[in-house]
Amino acid sequence: PFDDSASTKDDYYQYFEGTVRPAIAKLEELAPDEISDSVKTLAAGLTRFVDIFKKNGYDPARAYADPDLKKIAQDDGYNSAGKAVDKHCGF
């Protein structure tokens, strides 16, 4: 929905609840032991991201204005975990 300016709140709901939440669960389930801590940290941040969208009625304008969303982007632990997972995956 992020790439379509005509996306509705329902489109965001379907994306986050039907795609992202299950993907986070699968990510945690399949994480190799050597990066499992980083995956848990990353998954927790992604879950908070989804929860912030939910709190804001799946309205991207409201969600992006939410100061809690900015806290995730500025969280050193979350960012480090993302880099560790990317590195493990070859990105």
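This is a predicted model: local features need pLDDT of at least 70, side-chain atom pairs count only at pLDDT 80 or more; totals for chains, interfaces and linings use all residues.
Among the elements that cover the buried residues of helix 5 are helix 2 and helix 4 (67–73).

The buried residues in question are Tyr-78, Ala-81, Gly-82 and Val-85. They lie on the same side of helix 5, because the arc they cover around the axis is only 100 degrees. Asp-76, Lys-83 and Lys-87, on the other side of helix 5, are exposed. The length of helix 5 can be checked as well: its 14 residues, 76–89, should span 20 Å at 1.5 Å a residue, and the end C-alpha atoms are 20 Å apart, which agrees.

Both ends of helix 5 have a local feature. At the start, the backbone nitrogen of Gly-77 has a side-chain oxygen of Asp-75 within 2.9 Å. Just after the helix, Gly-90 has a positive phi of about 85 degrees.

Helix 2 comes next, as one of the elements covering the buried residues of helix 5. The buried residues of helix 2 are Ser-38, Val-39, Leu-42, Ala-43, Gly-45, Val-50, Ile-52 and Phe-53. Their cover includes helix 1 (9–30), helix 3, helix 4 and helix 5.

Apart from neighbours within four places in sequence, Lys-54 is in contact with Glu-17 and Arg-21. From Lys-54 to Ala-84 there are 30 residues in sequence, and the distance between their C-alpha atoms is 27 Å.

Just after helix 2, Gly-57 takes a positive phi, here of about 65 degrees. The loop between helix 2 (36–55) and helix 3 (60–65) also contains Asp-59. This residue is buried, yet has no salt bridge. Which side chain of opposite charge is nearest to Asp-59? It is that of Lys-9, at 4.0 Å. Lys-9 is also in contact with Asp-59, as is Phe-53, once neighbours within four places in sequence are left aside. Of these two partners, Phe-53 is itself among the buried residues of helix 2.

Note on methods: Residues are numbered from 1 along each chain as its sequence is written. Side-chain values use heavy atoms; hydrogens and water are left out. Helices (H or I, at least four residues) and strands (E, at least two) are DSSP runs, numbered from the N terminus. Buried means under 20% relative accessible area, exposed over 50%, partly exposed in between (1.4 Å probe, protein chains only). Lys and Arg count as positive and Asp and Glu as negative; His and the chain ends are not counted. Contact means heavy atoms within 4.5 Å. The expected span of a helix is 1.5 Å times one less than its number of residues. The arc is that of the directions from the helix axis to the C-beta atoms. A polar contact is a pair of N or O atoms within 3.5 Å; within protein, one must be able to donate a hydrogen and the other to accept it, and residues adjacent in sequence count only if both atoms are side-chain atoms.
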